[in-house]
Amino acid sequence: MIRFAAATAALAVAVLSAGAASASEYRIPIGDLNFATPEGASAFDLRVRGMANTACVSGTPLDQARCRVAFREEALRQLPDARREDYARTRSGRVVVQTPVDPS
């Protein structure tokens with residue numbers, strides 16, 4: 001079971017593995033990231049992946065993979081709405097470019 005709680009400048013992620021008596025909490029700092037840029041979104045992805053790899057070490061390899069997926073999904077869900085929307089736009093793959101048109 002994975003539980004998450006949002007904080008202002010960091011996501012607090014609590015992981016409770018099956019059969020464990022207590023939860024471990026992992027903090028993902030987000031206050032310094034600009035989710036509207038590819039660099040900011042990538043930095044967030046790296047932080048989440050690193051924490052998920054640290055948190056999801058028990059069980060079978062399949063259990064660990066499921067834990068990492070759930071960890072990422074919940075970390076995204078806990079983002080403030082504006083940051084989640086910026087992240088989604090950045091990761092959508094749509095590239096919008098304005099180029100000047102030469103009238104001649």
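The model is predicted, so local features are reported at pLDDT of at least 70, side-chain atom pairs count only at pLDDT 80 or more, and totals for chains, interfaces and linings use all residues. Residues are numbered from 1 along each chain as its sequence is written, and side-chain values use heavy atoms, with hydrogens and water left out.

Confidence is given as pLDDT, the predictor's score for each residue, from 0 to 100. The chain averages 80, and 70% of the residues score at least 70. Helices (H or I, at least four residues) and strands (E, at least two) are DSSP runs, numbered from the N terminus. Among these elements, α1 has the highest mean pLDDT, 94. Strand β1 (residues 2-6) has the lowest, 44. Over residues 1-8 the pLDDT stays under 50.

Helix α1 spans residues 38-55. Burial was assigned from relative accessible area: buried is under 20%, exposed over 50%, and partly exposed in between (1.4 Å probe, protein chains only). In α1 the buried residues are Gly40, Ala41, Phe44, Asp45, Val48, Ala52 and Ala55. They cover an arc of only 140 degrees around the axis, which puts them on the same side of α1. The arc is taken from the directions from the helix axis to the C-beta atoms. Glu39 and Leu46 are exposed on the other side of α1. An α-helix has 3.6 residues a turn, so residues three or four places apart point the same way.

Helix α2 covers residues 61-78. Its 18 residues should span 26 Å, and its end C-alpha atoms are 26 Å apart, in agreement. Cys67, Phe71, Ala75, Leu76 and Gln78 are buried in α2. Seen down the axis, these residues fall within an arc of 165 degrees, so they line one face of the helix. Arg66 and Glu73 are exposed on the face of α2 turned away from the buried side. Ala75 has 0% relative accessibility and therefore counts as buried. The C-alpha atom of Ala75 lies 8.6 Å from that of Ala12, although the two are 63 residues apart along the chain.

The structure holds one disulfide, defined as a pair of cysteine sulfur atoms within 2.5 Å. Cys56 and Cys67 form the link, with their sulfur atoms 2.0 Å apart. The pair joins distant parts of the chain, 11 residues apart. Cys56 lies in the loop between α1 and α2, whereas Cys67 lies in helix α2. The link is left-handed, with -65 degrees about the S-S bond. Both cysteines, Cys56 and Cys67, are buried.

Thr90 belongs to helix α3 (residues 81-91). The side chain of Thr90 reaches the backbone oxygen of Asp86 at 2.9 Å. It also reaches the backbone oxygen of Ala36, at 3.3 Å. Leaving aside neighbours within four places in sequence, Thr90 is in contact with Phe35, Ala36, Thr37, Pro38 and Ala41.

Methods
A polar contact is a pair of N or O atoms within 3.5 Å; within protein, one must be able to donate a hydrogen and the other to accept it, and residues adjacent in sequence count only if both atoms are side-chain atoms. Contact means heavy atoms within 4.5 Å. The expected span of a helix is 1.5 Å times one less than its number of residues.
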